[in-house]
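Here are my notebook entries from an afternoon with one model.

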Amino acid sequence: MIKTTSETWPGRAVLLVSHVAGLADLVALPLWVGGLVRSHGFTSQQAGLLVTLYIAGILASNLILGPRFDRVDGRLVAGLGFAVAAGCFLAMAQLDGLLVFTPLHLLAGLGAGAGLSCVHGTIGRSRNPHRLFALVNVGVGAFGIPFFAVVPHLMTQSGVAAVFIVLGSLMLAASVLSAIAFPHKLESVTLAVVGEAERSPLDTRVMAFLGVVLLTSAQSAIFSFIERVGSYDGFPAASVATMLAIAAFINLSAPALAGLLQGRLSPTHVAACGMFLHGCASLIITHATLFAVYAIAASTPVFLVVFSHVFMFGLIAKLDRSGHMAALTPAMMMIGTAIGPFLGGSVVTGFGYPALGITAAMLAWGAAACFVGVHLRTSGVETRSADLSARLSA
């Protein structure tokens, strides 16, 4: 066993790999949903439901463990949780059938959610949550590049099993690293140094919580069906796959840019503007008739979400310095991400892809309104991401 913290590079490396594993569904959604439809003959609604069950498992696990973040052994819980998820994914690569996939998706989500709760809580208790969250999100972007470059080609031979093998292998790596060197929690020194209230008012925290839920609902609803929208519009599958791979390179810059702009932009302004643009992109994706227009719009949502969410995480860590709200950020994300694929599949089944774009836009604009509300509630004490590190170094 290796003793690490969130302030040492070995500890940060474990958090990075574990964060990527816990949020791999956000990268894999298009190929995951599309692969379930093509490989196993599920309807869009059934495929969306299976992914929703996985995300619901993450949510349930996080709601149980997030409030108890201070009382669990991160090394044990993350190691076992990711191991359970790895076993489920590798089993699904060999199996078939809705009745088999249903419990395995749910169990995999429960395991991944346990690990992710420990990861986000530990990041929230770090000395600079914004900067560390930006770092681990660079890992998510880096994972997307080889994933979209290689997995679509593997799927031509193995179907959705290729997705399950990659996800299972990633979960297994996170499990081993967590068991060996998951970081110890830091004491909540920020409270003593800064001398401010531990938590902001409840209504402010609820608005931030709801804003992230609506954000991820919009993102997962549209992103789950980006590949399907391209196919429906008659765009070549190879061109869509290339677009997704190029988008992964672009998205890699989002967390790095967010980290560099720490303290220079208002988190609430970034969130509101980013979600307004996300809604506009969703409408363009589902209404575009030219591939170039579709490709540009489809490359935008993930960048906007990742860039905005780094600022949101720094804001959330400041709104609740105990780390409990940060530990619950997977729940905020996964409530929306669980709603999105099933809602999106239902809208597509009933009303078609143009209605999906309208639905995603309304959700994104609702998220923007929530962060406008947070800004109004905190306008006198606007939380800029640099404040924490600046005060700690004072």
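**Entry 1: one isoleucine.** I looked up Ile-180 and found it partly exposed, because its relative accessibility is 37% (buried means under 20%, exposed over 50%, partly exposed in between, with a 1.4 Å probe and protein chains only). Ile-180 sits in helix H7, residues 161-181 (helices are DSSP runs of H or I with at least four residues, numbered from the N terminus).

**Entry 2: what I am looking at.** I noted that this is a predicted model, where local features need pLDDT of at least 70, side-chain atom pairs count only at pLDDT 80 or more, and totals for chains, interfaces and linings use all residues. Residues are numbered from 1 along each chain as its sequence is written, and side-chain values use heavy atoms, leaving out hydrogens and water.

**Entry 3: confidence.** I checked pLDDT, the predictor's confidence in each residue from 0 to 100. The protein chain averages 83, and 91% of the residues score at least 70. Among its elements, H7 has the highest mean pLDDT, 95, while helix H18 (residues 385-392) has the lowest, 39. Over residues 381-394 I found pLDDT below 50, yet this stretch has 34 contacts in the model beyond near neighbours in sequence (contact means heavy atoms within 4.5 Å).

**Entry 4: a glutamine.** Is Gln-219 buried or exposed? I found Gln-219 buried, since its relative accessible area is 10%. Gln-219 belongs to helix H9, residues 202-223. Setting aside neighbours within four places in sequence, I listed the contacts of Gln-219: Ser-224, His-278, Pro-301, Val-302 and Val-305.

Key:
Helix = DSSP H or I, 4+ residues; strand = E, 2+ residues; numbered from the N terminus.
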